[in-house]
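My notes follow the order in which I looked things up.

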Amino acid sequence: MGEATRLIHHPYRAPSGFDAVPVAVHKASTVFFPNVAAMRERRWQDKSGYTYGLHGTPTTFVLEERLATLEGGRHCVLTPSGLAAIALVDLALLRSGDEVLLPDNAYGPNKALAAHELAQWGIGHRIYDPMDPVDLAAAITPRTRLVWLEAAGSVTLEFPDLPALLAVVRAANAGRERPIVTALDDTWGAGVALRPFELGVDVAMQALTKYPSGGADVLMGAVVTRDDALHQMLLMTHMRLGLGVGANDVEAVLRGLPSLPLRYRAQDAAARTLAAWMRKQPRVARVLHPALPDSPGHAAWQRDARGAAALFSVVFDAAVSPPQVDAFCDALRLFRLGYSWAGPVSLCVPYDVPTLRQRPWPHAPRLVRLAVGLEDVDDLRADLAQALRVLP
């Protein structure tokens, strides 16, 4: 054999039995079979074998199993981003003529996906008030097939009464041939603060970009279920869409998982300290954070959650103009301007809330969402204090 052939088909195989803390990184598109019978019989759907890199490797299977355990589910599929996880749920469970309901404070791209792509495919959507179970009940129609839940709400961080909302859906499902499925965006809870399936949720998704990665260097999502039939619907749609994730990204998330509870609680504690301090400052009308007694849904958070993540939002009083809000953000030095959160660096984003909502927003239009990283709390407080000095 020639040199190239000898190198490609070298007979040496490393001995089995190597065991270490890191999960081995398997990169492959092609997977070998010992014979045609094995090629025809091997199954990837139940993780009993390997057929093609897109359908799973030992590395991706391990991450999926660990994430299912984290969320309290039984099955997991990985997607290239959190938004891809949302899209997978929509595309697997909805068909033309169906309708999806979304909370008014849902992650913006989730609502945009419904308003554009889903609408073009004949799938309708309605927006409901997540703080009013009666409003959800009124929004449900015979066409409703999927209800999205979010706790806490995106940007404004209201914490809904999840058991009450889920009870509404259960009541509406009585006698339905195709039951309404409930899906929770659990990115904020990260499998630490909430137990979605114990609450009665059917599907839980996460943007692994946030807490599971923790390094602000990976884009990935996950969809977790307990129900076998639901999982098969999601899995086969996942396969037909060709959704895949890179092995090195999977490795990065696996590396971040063991420290997730520690990072979550550290950033949670720091955010509570800074939120409590911020609400006492001049020109601050309100601080939105589920652990604060006057934040919307505090009682539900206190009953149903075991943590509060790294986020809080600041509403300035009416005397502070939008340009002055922007000046406050520009004056920050440790809080950097940037989207996402749950990484090591604290972040700041100003939002024009009325543009994000269908329902009226009762406060000043401009708020600032702060995401607390892993810096020393005293340094972050000093940064906020110096930036507040730009306000009149």
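**Entry 1: the sheet**

Before I list any strands, I need a rule: two strands pair if DSSP finds at least two bridges between them. I also remind myself that this is a predicted model.

With that rule I looked up the sheet. I found an open sheet of seven strands, in the order S1-S7-S6-S5-S4-S2-S3, and the pairing is mixed. Which strands sit at the edges? They are S1 (75-79) and S3, each of which pairs on one side only. I also noted the twist, which averages 20 degrees from one strand to the next.

**Entry 2: one edge of the sheet**

I then went to S3 and the strand beside it. S2 (residues 99-103) pairs with S3 (residues 124-128) in the parallel sense, over five bridges. I jotted down bridge partners in S3: Val 100 goes with His 125, and Leu 101 goes with Arg 126.

What comes between the two strands in the unit they make? It's helix H5 (residues 108-120), and S2, H5 and S3 together make a right-handed β-α-β unit. H5 lies across S2, S3 and strand S4 (144-150), and it runs at about 155 degrees to S2.

I looked up another helix on the sheet too. H7 (residues 162-172) lies across S3, S4 and strand S5 (181-185). Its direction is at about 180 degrees to S4.

A reminder to myself: most residues other than glycine have a negative phi, and most peptide bonds are trans.

I found a cis peptide bond joining Ala 151 and Ala 152, with omega about -10 degrees. Ala 152 is in the loop between S4 and H7.

Val 155 is in the loop between S4 and H7 as well. Its phi is positive, about 75 degrees, although Val 155 is not a glycine. Leu 157, also found in the loop between S4 and H7, has a positive phi near 60 degrees and isn't a glycine either.

Are Val 155 and Leu 157 buried or exposed? Val 155 has a relative accessible area of 6%, so it counts as buried. Leu 157 is at 1%, so Leu 157 is buried too.

**Entry 3: aromatic rings**

How many aromatic pairs does a search of the whole structure find? I get five.

One of them is Tyr 50 with Phe 61, and it's stacked: 5.3 Å centre to centre, with 20 degrees between the planes. Tyr 50 lies in the loop between helix H2 (36-41) and helix H3 (58-71), while Phe 61 lies in H3, so the pair ties together parts that are eleven residues apart in sequence. Tyr 50 is partly exposed, with a relative accessible area of 29%, whereas Phe 61 is buried at 8%.

Then I looked at Tyr 211 and Tyr 264. Their ring centres are 4.6 Å apart and their planes are at 40 degrees, so I put this pair down as tilted. The pair links distant parts of the chain, 53 residues apart: Tyr 211 is in the loop between strand S6 (203-207) and strand S7 (221-225), and Tyr 264 is in helix H11 (residues 260-278). Tyr 211 is buried, with a relative accessible area of 0%. Tyr 264 is buried as well, at 1%. I also noted that Tyr 211 and Tyr 264 form one aromatic cluster with Trp 341.

**Entry 4: helix H13**

My last stop was H13 (residues 322-331). Which of its residues are buried? I found Val 325, Phe 328, Cys 329 and Ala 331.

Notes:
Residues are numbered from 1 along each chain as its sequence is written. This is a predicted model: local features need pLDDT of at least 70, side-chain atom pairs count only at pLDDT 80 or more; totals for chains, interfaces and linings use all residues. Side-chain values use heavy atoms; hydrogens and water are left out. Helices (H or I, at least four residues) and strands (E, at least two) are DSSP runs, numbered from the N terminus. A crossover is right-handed if, with the strands pointing away from the viewer, the path from the first strand over the helix to the second runs clockwise. Axes are lines fitted to C-alpha atoms, for helices over the stretch in contact, and angles run from 0 to 180 degrees between N-to-C directions. Contact means heavy atoms within 4.5 Å. Rings of Phe, Tyr and Trp (its six-membered ring) pair if their centres lie within 6.5 Å; planes under 30 degrees apart count as stacked, over 60 as edge-to-face and the rest as tilted. Buried means under 20% relative accessible area, exposed over 50%, partly exposed in between (1.4 Å probe, protein chains only).
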